[in-house]
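Hello,

Here is the structure I promised to pass on to you. Have a look at it first, and then read my notes below.

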Amino acid sequence: MNEKLTNYLNGVFAPYDGVKSVSELKADLHSDLQERFRELKAEGKDDETALEMTIDSIGDIEQTVLEVANLSRSLERQVLTNLSASNLTGSDFAGVTAHKGKFTASALRGSDFTNADLTGSSFKSSDVRDARFDGANLTDCNLSTLDLANASFHKSILVRTNFSKSWLAGAKFTGVHLTDVNLTMTALTKTVFENCVFDGVDFTSSDLSGQRFDGQVFVGVKFDKAGLKEVSFKGATLKNVSFQGSLLTKKYYRAIKTVCFDGASMDKLTFAALKGMDANLSKVTVI
């Protein structure tokens, strides 16, 4: 009768042969079922009845096995996503899921990550020029210290994404809500931002000279010690935005006087801070 029990389990688990966690579940279950079968026999049940009651005692085991297998395979795929120090120029990663993937020090120029879920992945020190991240989930990704020239971020999901010290000349951020994104110590004079919302973004010590943020929204953003010469905020909305320069030089304060705030709307505290630096706020609406 133990052979019949073994054959039953072999049939249930056959589609998942080779999945480690499923094999472990099978071994544990086999031991438990044998013990249950012996208990039923000791209670006076015949073999057929004991076997039937033993199998019935585990419920919908096939659904459980399927869920365990799917989870195991998902975790195995994530573990295998280590593509560091690889030549992946022009690769197609569109739509892939690679949580905590490693793409460090890799050649990824022209690669397509459209609609990929790259949550928690690292691209540090890689060549990612001309890559497409349109619609990609880049939550908690590290994109610091790498070349992102001409990369595209159309409607990408950017939450706690780190771009510090990266090269973003020609990179385009369009229709993006940037949340708690780190863009510190970065040259952004030739980066394109269109129809964006900046929420908790940190631009500290970055060069934004000549940048146009017309009509865009800034909430809790830091422009501390940033290069702001001739930046335009025409028609923009600024709430709780920080503008703080170095006490050792007047360069920051001179740059503030060149910034265009015509038609912008801002809260009283942001207005007061800029007014104290002699910014031209004659055409600003206080909200």
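Leu274 sits in helix 6 (residues 268–275); helices here are DSSP runs of H or I with at least four residues, and strands are E runs of at least two, numbered from the N terminus. With 0% relative accessibility, Leu274 counts as buried (under 20% relative accessible area, with a 1.4 Å probe and protein chains only). Leaving aside neighbours within four places in sequence, Leu274 is in contact (heavy atoms within 4.5 Å) with Phe243, Ile256, Phe261, Met266, Ala279 and Leu281. Its C-alpha atom is 9.3 Å from that of Gln244, 30 residues apart along the chain.

Before you go further: this is a predicted model, where local features need pLDDT of at least 70, side-chain atom pairs count only at pLDDT 80 or more, and totals for chains, interfaces and linings use all residues. Residues are numbered from 1 along each chain as its sequence is written, and side-chain values use heavy atoms, leaving out hydrogens and water.

Next, Thr191. This residue lies in the loop between strand 4 (177–179) and strand 5 (192–194). Why does Thr191 count as buried? Because its relative accessibility is 3%. The Thr191 side chain reaches the backbone oxygen of Leu168 at 2.8 Å. Not counting residues up to four places away in sequence, Thr191 touches Leu168, Ala169, Gly170, Ala171, Phe173 and Gln211.

Finally, Phe223: not counting residues up to four places away in sequence, the residues it touches include Phe203, Leu208, Phe243 and Tyr252.

Enjoy exploring!

Technical notes. Buried means under 20% relative accessible area, exposed over 50%, partly exposed in between (1.4 Å probe, protein chains only). A polar contact is a pair of N or O atoms within 3.5 Å; within protein, one must be able to donate a hydrogen and the other to accept it, and residues adjacent in sequence count only if both atoms are side-chain atoms.
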